[in-house]
Amino acid sequence: MFPGLAVAEVLRDRGHQVLLFISEKEIDSVAVSQHAAFRFERLPTIGLPSPFSPAIVRFLQRFHESLSRCRQIYRSFQPHAVLGMGGFTSTAPILAGRMRRIPTFIHESNAVPGKANRLTARMVRAVLLGFKECVPFFPKVRTEVTGTPIRAGLQPMDRRAARRQLGLREDLRTLLVMGGSQGASGINQAMIKSLPALQGEPLQVIHLAGARDERLVADNYQRENIPAYVGAFHHAMEEVYSAADLAIARAGAASLSELAFFGLPTILIPLPYAADDHQTRNAEIFAMRDAAIVVREADLAGDELGRRIREMIDDPVRLHRMSQNAGGLAPKNAAALVVDVMERYTDARS
């Protein structure tokens with residue numbers, strides 16, 4: 001969603017009309033509520049089940065509905081190009097574009113491509129990639145490494161001002177804990193277990209826990225007397241990134257791009273059931289560059305997470321080095337590069 005919005009912003013700024021397809025998930029609706037300037041259409045798509053599952057019938061029905069909806073919309077909108085950002089929500093728009101014989105593209109943010117993009121790659125002019133390590137997965141199609149786009153509104157703020165905005169002290173080392181757009185129960189539980197071991201440390205926490213765990217997490221910080229800003233999520237992510245000195249996060253590609261852009265050293269806890277374990281591969285790329293450390297969720301017994309946090313906050317030289325390394329992994333003008341490719345192919349067609 002957010003890398004797609006970043007591309008949409010550049011397209012709009014260059015004078016193009018933009019239509020964004022989103023899924024029917026509530027989190028998509030929440031995300032787009034802050035972007036009223038764009039036109040959005042919801043598509044009734046679901047993830048691909050096993051071909052031997054009875055759910056495959058429902059999937060095919062929903063996919064046919066999405067494809068019909070896209071073709072109907074294209075008759076009035078008349079797109080010159082279609083970009084899919086991954087997931088099966090993007091497959092029907094790509095196929096509908098191919099049927100109209102217009103240039104189609106996909107962007108794969110992760111180091112290991114998802115099923116939807118592996119299938120859809122057969123229908124596109126080019127595959128745009130967040131990581132160069134993903135190139136070998138697409139041997140029969142043109143690839144271009146662009147990085148993963150970041151929204152224009154995500155710009156660094158003064159650190160002290162960002163902390164004041166969140167009601168935090170200006171002089172304490174600040175840890176950001178986040179589990180993605182919907183929180184992460186495994187990370188939340190590991191952090192709760194680590195709090196007794198963090199008592200007395202010169203530390204405050206920004207914890208985005210997701211709606212389900214927000215109250216539980218907030219109560220535990222209060223009980224352990226550790227200063228914290230706890231929320232389900234935060235619309236102004238530039239505030240929390242700017243306020244933090246280090247982070248704990250999953251290893252989704254969009255989050256990694258944003259963490260790198262803000263130069264945040266990170267303890268990465270890959271989602272254990274991510275498709276093809278792609279989050280672990282994403283995390284390993286950052287770990288090999290000494291921009292992050294990787295800890296499996298299964299290894300977070302007891303206060304293991306607390307021990308890792310203490311090691312990092314007690315070593316400012318290491319934090320500075322990792323921050324510099326993270327900044328070196330930040331995408332450079334990724335959204336503009338994606339649009340450059342789309343314009344180049346579209347211009348060549350006319």
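Which strands and helices cover the buried residues of H7? I opened my notebook with that.

**Ground rules**

I am working on a predicted model, where local features need pLDDT of at least 70, side-chain atom pairs count only at pLDDT 80 or more, and totals for chains, interfaces and linings use all residues. Residues are numbered from 1 along each chain as its sequence is written, and side-chain values use heavy atoms, with hydrogens and water left out.

**Entry: helix H7**

Helices (H or I, at least four residues) and strands (E, at least two) are DSSP runs, numbered from the N terminus.

I then checked for a bend. H7 bends by about 25 degrees at Ile192, and Pro196 follows within four residues. The bend is the angle between axes fitted to the seven residues ending at a residue and the seven starting there. Just after H7, I noted Gly200 with a positive phi of about 90 degrees.

Next came burial. Buried means under 20% relative accessible area, exposed over 50%, and partly exposed in between (1.4 Å probe, protein chains only). The buried residues of H7 include Ile187, Met191 and Leu198. Their cover includes strands E7 (173-178), E8 (203-208) and E10 (246-249), along with helices H8 (214-224) and H12 (304-313). That settles my opening question.

**Entry: the cores**

How many residues does the largest nonpolar core have? I read off 34. Such a core is a set of buried Ala, Val, Leu, Ile, Met, Phe, Trp, Tyr and Cys residues joined through side-chain atoms within 4.5 Å. Among those with the most contacts inside this core are Leu176, Ile206 and Phe286. E7, E8, H9 (237-243), E10, H10 (253-261) and H11 (278-288) each supply at least two of its residues. Apart from it lies another core, of 29 residues, including Val205 and Met312.

Leaving aside neighbours within four places in sequence, its contacts (heavy atoms within 4.5 Å) include Leu166, Leu176, Tyr229 and Val240.

**Entry: Gln204**

Is Gln204 buried or exposed? Gln204 sits in strand E8. Its relative accessibility is 1%, so Gln204 counts as buried. I traced its side chain to the backbone oxygen of Arg169, at 2.7 Å. Not counting residues up to four places away in sequence, Gln204 also touches Arg163, Leu172 and Pro227, among others.

**Entry: aromatic rings**

I found six aromatic pairs in the structure. Rings of Phe, Tyr and Trp (its six-membered ring) pair if their centres lie within 6.5 Å; planes under 30 degrees apart count as stacked, over 60 as edge-to-face and the rest as tilted.

Phe59 and Phe63 are stacked, 6.1 Å centre to centre with 25 degrees between the planes. Both lie in helix H3 (residues 55-77), four residues apart, about one turn of the helix. Phe59 and Phe63 are both buried. With Phe88, they form one aromatic cluster.

Why is the pair of Phe261 and Phe262 edge-to-face? Because their planes stand at 80 degrees, with centres 5.4 Å apart. Phe261 is partly exposed at 30%, while Phe262 counts as buried at 13%.

**Entry: Ala96**

I finished with Ala96, in helix H4 (residues 91-99). Ala96 is buried, at 2% relative accessible area. Not counting residues up to four places away in sequence, Ala96 touches Leu67, Cys70, Arg71 and Tyr74. The C-alpha atoms of Ala96 and Thr174 are separated by 47 Å.

Definitions and conventions
A polar contact is a pair of N or O atoms within 3.5 Å; within protein, one must be able to donate a hydrogen and the other to accept it, and residues adjacent in sequence count only if both atoms are side-chain atoms.
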